[in-house]
Amino acid sequence: MKRLIAAGAMALIGTGAMAHDYGFAGVLSKTNKEEMPGITLSVGKPIAEGPITLKSGTLYELEIEADGSGELGLEGPGFFRAIWVNEVVVNSIEMRPFGMESVEFDEAGSMEIEFLAIKPGQYFLRIPKTTGETQRVDITIQ
């Protein structure tokens with residue numbers, strides 16, 4: 001009887017591990033990567049088309065584009081604490097920060113943030129010191 005229980009437990013452990021086989025790169029593999037809508041920073045224009053929903057444990061790349069119409073940034077300390085940032089790319093320079101709370105563009109440019117969504121919850125990114133709905137995007141991590 002003990003052998004039967006042990007064999008059943010091993011079978012469950014084996015199928016669980018195979019159900020999440022991400023390959024050589026683990027959770028950073030391309031098979032675990034999904035698309036995410038980008039964010040545009042422009043004076044007087046919405047930063048995103050609507051709320052964004054992400055899946056915990058999935059790798060995303062957030063593209064942020066600033067048109068240079070003003071000195072604009074994004075803040076979202078709750079969101080940045082709910083993700084693990086793999087890398088930030090600015091002008092083809094790759095950075096691997098320990099953490100982030102905000103970013104700012106003084107002129108036109110673009111930035112990519114590759115991250116792993118971790119902590120489920122409701123978050124936001126917004127232009128600092130603004131209250132307009134179009135200057136904020138709500139993000140849900142499921």
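Let's start at glutamate 65, which counts as partly exposed at 44% relative accessibility (buried means under 20% relative accessible area, exposed over 50%, and partly exposed in between, with a 1.4 Å probe and protein chains only). Glutamate 65 sits in strand S4, residues 59-66; strands here are DSSP runs of E with at least two residues, helices are runs of H or I with at least four, and both are numbered from the N terminus.

Before going on, keep in mind that this is a predicted model, in which local features need pLDDT of at least 70 and side-chain atom pairs count only at pLDDT 80 or more, while totals for chains, interfaces and linings use all residues. Residues are numbered from 1 along each chain as its sequence is written, and side-chain values use heavy atoms, with hydrogens and water left out.

Back to glutamate 65: together with Glu35, Glu63 and Asp67, Glu65 forms a negative surface patch. Patch members have over 30% relative accessible area and no salt bridge, with like charges joined within 9 Å and nonpolar side chains (Val, Leu, Ile, Met, Phe, Trp, Tyr) within 5 Å. Asp and Glu count as negative and Lys and Arg as positive, with His and the chain ends not counted. Each charge is placed at NZ of Lys, CZ of Arg, CG of Asp or CD of Glu, and accessible areas come from the Shrake-Rupley method with a 1.4 Å probe, only the protein chains shown counting as cover for residues.

Glu65 also leads us to glycine 109, which is in contact with Ile64, Glu65 and Ala66 once neighbours within four places in sequence are left aside (contact means heavy atoms within 4.5 Å). Glycine 109 belongs to strand S9, residues 109-117, and is partly exposed, with a relative accessible area of 22%.

Now over to valine 89, in strand S6 (residues 83-90). Valine 89 counts as buried, at 15% relative accessibility. Not counting residues up to four places away in sequence, valine 89 touches Glu94, Ser110, Met111 and Glu112. With Glu112, the C-alpha separation is 5.1 Å across 23 residues of chain.

On to the charges that do pair up. Side chains of opposite charge can pair when their charged atoms come close. The whole structure has eight salt bridges, each a side-chain nitrogen of Lys or Arg within 4 Å of a carboxyl oxygen of Asp or Glu. One of them joins lysine 55 to glutamate 34, at 2.6 Å from N to O. That pair links distant parts of the chain, 21 residues apart: lysine 55 is in the loop between strand S3 (52-54) and S4, and glutamate 34 is in strand S1 (residues 33-34). Lysine 55 is partly exposed at 40%, and glutamate 34 is partly exposed at 33%.

Arginine 126 and glutamate 75 make another salt bridge, at 2.8 Å from N to O. Here strand S10 (residues 121-126) supplies arginine 126 and strand S5 (residues 72-75) supplies glutamate 75, 51 residues apart.

Then there's glutamate 101 with arginine 81, at 2.6 Å from N to O. Glutamate 101 is in the loop between strand S7 (93-95) and strand S8 (102-105) and arginine 81 is in helix H2 (residues 77-81), so this pair ties together parts 20 residues apart in sequence. Arginine 81 is exposed at 57%, whereas glutamate 101 is partly exposed at 41%. Finally, Lys33, Glu61 and Glu114 are linked in a salt-bridge network.
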